[in-house]
Amino acid sequence: MTTMEDHISPAYYYYVDPSTLYQPQQPNPLDDLISVYGLQDISQQVARTNPDGTKAVKLRKSYKNQINDLSGKFSIIPTRENGKGGDIAPVLFQNNPDMMNQVHRTPDMSSEQWRQLMCERDASLFDAQSMDWEVCQTVLSQFERSHPAEFQTHGFQAEDLAFDLDGSGNTIKARKRKNRSSGSSMATPNSDLQEDMKRRRLE
Amino acid sequence: MTTAVGMLQNNGLSSPQRQVTADVSNGLKAGEKISGAGYSKDVKKRSEDRVHTGKVTNAPELPHVEVNQQPLTLLIRNLTVFSIKELIQLLKISVHANQDPSAKKTAFLQLVVYLRNQFLKLYVLVKWCRTLRNNNFNTMIDLLNWFRGSNMAVNNCIWALKASLAGMTNAKLPNPDLITALEVLSLGRPNLQTHNFTLSGEERAENGQKTSAVPSKLILKTLRDMNIILSVKISLMEIPDQFKQYSVCDGRLYISVENEFEVQLSTTHQRMPLFFVDLKLLFNELLPLNKYKLEKVINEVLYKSPRPLFALYKILHNYVLSVQMYMIHAELLDLESNSKYAGGNLVHHYDSRKTTINLKYWSNSRLKGKCNATIGIEEQTGCIVLRWYIEEVAGSQSEIPVRYTNVLSNLGNILDEIMFNHSQMIKAELLSTGVLQEDDEISDALLFNVPSTPASVIPIQIKINVISGVFYVRNPSGLLTFYINQINKTSTTDDFIKVLNRLKLDKIISILRNMFEKVGWACNNVVKLNAPVSKDPSWAQKKILFRDLFVRLENWPANWYLIFSVISSNATCIIEKRIGKIAAAKGSWELKYLDNENVLTLKLESMTYQKILHLKKTSLHKIVDHMIIDSLNGLRMRNRICSSKQLGAVPEYIVPGDQTHHSSILSIELESFIGGSSALKYILEETMFLRIDYHDSKIKLFGKFRKNCKAIGKQYNETLMHFIDEDALSFYMSESFTDLNNIVQHFNTFKQKLMQIVTLTDVIEKLHDFYSENFSIVALKPNEISFKYLKNSKDDYDCRILIQTNDDSVKKLEIKLSPRNPQHIFQPFIDSNRLDYHFVFNYLQFTSGFFGVLESILTTSESQVKSTNGYTTVSLQLHNLSVYGLIYYNPETSTKITLMIELRNVFLNGSKKLRYFVHFADDEHISTKSPAYPLVHKVRNTVFMVDSTSLITGDTISGLASPKRAKAASLIRLADGICCDAADIELVIREVNDILKIDCV
């Protein structure tokens, strides 16, 4: 026999539905999730402090240190702040199929063929209809011999080219490599370029 | 190794994901997105790896995040394609543009630098990605995402809890039974076990299911069991006396207390306490009861008390009493607002905590605050009692009830009785004073007699309103209303009587005033004195009231009143009549004058119109008398009025011959009248009399000389005074007056006249002293006396005295000697030297003999000059007032003899006397050869030298045998001069002159 009360009020207290099975949350936030997910390496790599409390990786505000191995003299690191970095995101994340050449794999296509197609999908950019080499030549031929002063009227600094004209960039690089310290350098555990990465930034 | 790197935005946080090398070819449409399955597959692989490495954990799956993640290949391709297209674009534009080559160059360089910079970034990214060993960066992103999601869930939970907390503010949970509380909170009732019985009959009727109904047998059995249990239980319990009447029935115990309540109790087991079932109030069954609350209280008492029924009786009894008190309170409220007591006559205060009601009746009456009763619970009997607090009952009238029971049903009647009794008591008390009488016809009225005329009274009916306690009279006049209001404000019987007496006094005053005004008197209502005219310190104690009535006639002198002091006691009324002067000074009325000697005391009953009319005729004279007295007092003259009784003592000459007309006589002391001068004291009698004859408007001042001044008295001018024939010493001065107000002005005239008399008399007295034989007054005017004093005067007068007076005294006496007076030579001295006139008179008198003889000598010498050879001349030289010189000069022989006459004070027989001293001048030396010498010598010998022969014989001076010579008793011969008094100077001068006037041969 069902009464009205059965409809109105449940037969349990505290409004906790006994029919529902409540499971503990997964993953359990009380666990050490870093180790659960095997993130110790990466966390050590980016940790700001070492377990003994000393300072670990500093927070770098520029990638100046990362490009020191390049041949060039970057007296000014291009960033968004100084207006020379530009905005790369719209370029990288553009997802417009019309802009890019699309290739489609047909069932009858072998994987070799497909790979070939993939490798050459952008080669058409250098075809005659898109790239007029003569024009390029014409234009480049119009460029005469330059002198540093002529760019300044158009707001271009020669330093932006980062040409290591006097070769000072390499000397510093070489000297610094000998004087590296084990302290506050970025840890690159899995790289054979470890030494390069660990050098101290230019000062 | 190819690494696909997803980018979070553009800032370089990457999520590395390891992919197989073959994924380069997998980077088609499907490869751009990494599916969850792929990922989990990947994880599985990795976990398998970890199993091998020994670090494997069974990590639960995390929700995968793919947003904003792209493969690195795609990124590089995107950038590369973009760069190529940009370059082509730039070159295409530059070909046709007519730009400065350097500008083109710059644009090209800028593009190149820009693109290189983008590749630089990508380079850094790739380089960093290579440092990640396990390519599990994406897991970190997932973990972070999961943390955020969990955090949000916890937050939401907290907020939801908080919201439900706010919704449950009204839920109150009893401490011991949290579960039941929750039931009640959530279900609205507790979940009770029903044992499958449904007690409700309705449901059984509807469904006809007998299984759920209680069998009636069970019910009856249970009731019987309960009856037994109850009977046993009650017989084992201690029962208060009030609970003796109980019955057990229907599973209940019925206990009823008469007139109070019936309570029903029950229990389920003998060992269980009794509990409450129902309650009825027997005195009023309609009263709604809060049985729910009562049940709680009673059950608690029954459960906890060691003697439950006693406690139950106590609590119920108190409850009943409280309810009854409240009902009385409600009834009183009703009585106060709706019954005959409405309008604030009845006031009560209900103190619910003390369960008392303080009742005040007659709260608008004069006795408010004294009319109290209290309703409360008597300690001995424990029932509600009304107690009437009345002070008087404590004494004699003990038969009056003050304690009433059965208050609840009988309240109105009790109040009526109390108020009636109280009114009777007040009446009795008022009657006991004797001021009020009982009315024979109307039993509840009191009579108070108020005079309607001086001789008659009318009774006033005064009644008490039993409801309000206020006294009232029927059809009151304005005055009566005022006094009834006053009566209703008094608090004591004495005050009550006082107000009544004041009413009587007011009435008497108004009756008198009415009488006076009808006959033509003017009653002054304005005058208010600080203190009553008639005073007696004992009156205040004897409850005697008094008030002054000021009346006057129009033609009376201003400020003068007849003052009637009405003195009223309970029984009688006396009127005192006085005369007084009242003037306003600085805003207040002051009694300036009051006749306290001639106070006339009358009874009220004797005040008649005849008397008032008579007063009108006779009072004026008295007023004038007093006015004069007042004026005299004001002038500081001692005086006294001579009333008609004292007329016998007054000298006859003052009493007017015609007695038909009224006249006032006052005696005045002379000295004070004149103003302190005692000059007249020796001339006039001390007492003077002032008579005012009203019929001919004359004021007369009578006086009397001490001495017989007839000789001089006749000299006084008629305008100055009149002598009364029969008595030559007495006189009067008369002035006629026109205005009684200004009667005082005449005093000054009298005073001046008297001063003149004083002066004149004084002067005359002096004159009389100084030459009685030859003295005669030839003329007497108010300011002038002319008289003769010289022996052989042929003049009209010898001397005249002008009297200069100011207001009250003689200022100066001016002595004028007649031009033909031989002493006229002194006039300049008299004028200039301001000599005392006594001195002057004495001096003139003293020297008059000398100057008399001198004049004769001078005249004879002149005549002799012609008859004889007449060489020798005589002349007088006045050195000063005390030294004269007589110079005999013979031009023929040019001889000069100077005879000095000096006035000297000498001591004779020890007393100082004024004497003449006659001698020759010292500075003048006359040689023996001078023809004058013999004369001088002769004088010395005959006049100056003592004649020894005559001394011996006692005979007269030889050779000059003159009969007069023998008289010269005062002569003292001093060899070089002679001394004599005023009487003998004539003789001496003549003697010397006889010798010297002979011319030298």
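The side chain of K127(B) reaches the backbone oxygen of Q66(A) at a distance of 2.3 Å. The model is predicted. K127(B) lies in helix α4 of chain B, which spans residues 101-129. With a relative accessibility of 6%, K127(B) counts as buried, because the cut-off for a buried residue is under 20%.

R77(B), K105(B) and R133(B) supply 10% of the area that chain B buries against chain A, more than any other three residues.

Across the interface, 9 residue pairs are found in polar contact, both residues being at pLDDT 80 or more.

The number of salt bridges between chain B and chain A is 2. One of them pairs R77(B) with D122(A), with the closest N and O atoms 2.9 Å apart. This pair crosses from helix α3 of chain B, where R77(B) is placed, to the loop between α5 (111-119) and α6 (133-142) of chain A, which holds D122(A). Both R77(B) and D122(A) are buried.

Chain A contains 9 helices and 0 strands. Of its 203 residues, 28% are buried. Among the contacts in chain A with a separation of 6 or more, 40% are between residues 24 or more positions apart.

Over all chains, the structure holds 12 salt bridges. Within chain B, R307(B) forms a salt bridge with E238(B), the closest N and O atoms being 3.6 Å apart. The pair links distant parts of the chain, 69 residues apart: R307(B) is in the loop between α9 (291-304) and α10 (308-338) of chain B, and E238(B) is in the loop between α8 (216-236) and β3 (246-249) of chain B. R307(B) has a relative accessibility of 40% and counts as partly exposed. A further salt bridge joins the side chains of R387(B) and E378(B), at 3.3 Å from N to O. R387(B) is partly exposed, at 31% relative accessible area, whereas E378(B) is buried, at 12%. Salt bridges with shared partners join E378(B), R387(B) and R403(B) into one network.

Chain B also has an open sheet of 6 strands with antiparallel pairing, in the order β32-β33-β34-β35-β37-β36. Strands β32 (873-880) and β36 (972-973) of chain B stand at the edges, and each has a single partner strand, so one side of each is left without a neighbour in the sheet. The partner of β36(B) is β37 (residues 977-980) of chain B, to which 2 bridges join it in an antiparallel run. In this pairing, I972(B) stands opposite C979(B).

Two helices of chain B lie across strands of this sheet. Helix α21 (residues 933-944) lies across β34 (895-908), β35 (911-920), β36 and β37 of chain B, and runs at about 150° to β35(B). Helix α23 (residues 985-996) lies across β32, β33 (883-890), β34, β35 and β37 of chain B, and runs at about 5° to β35(B).

Notes:
Residues are numbered from 1 along each chain as its sequence is written. Chains are lettered from A and ligands numbered from 1 in the order in which they are written. This is a predicted model: local features need pLDDT of at least 70, side-chain atom pairs count only at pLDDT 80 or more; totals for chains, interfaces and linings use all residues. Side-chain values use heavy atoms; hydrogens and water are left out. Two strands pair if DSSP finds at least two bridges between them. Helices (H or I, at least four residues) and strands (E, at least two) are DSSP runs, numbered from the N terminus. Contact means heavy atoms within 4.5 Å. Axes are lines fitted to C-alpha atoms, for helices over the stretch in contact, and angles run from 0 to 180 degrees between N-to-C directions. Buried means under 20% relative accessible area, exposed over 50%, partly exposed in between (1.4 Å probe, protein chains only). A polar contact is a pair of N or O atoms within 3.5 Å; within protein, one must be able to donate a hydrogen and the other to accept it, and residues adjacent in sequence count only if both atoms are side-chain atoms. Buried area is the accessible area (1.4 Å probe) that two parts lose on being put together, summed over both. A salt bridge is a side-chain nitrogen of Lys or Arg within 4 Å of a carboxyl oxygen of Asp or Glu.
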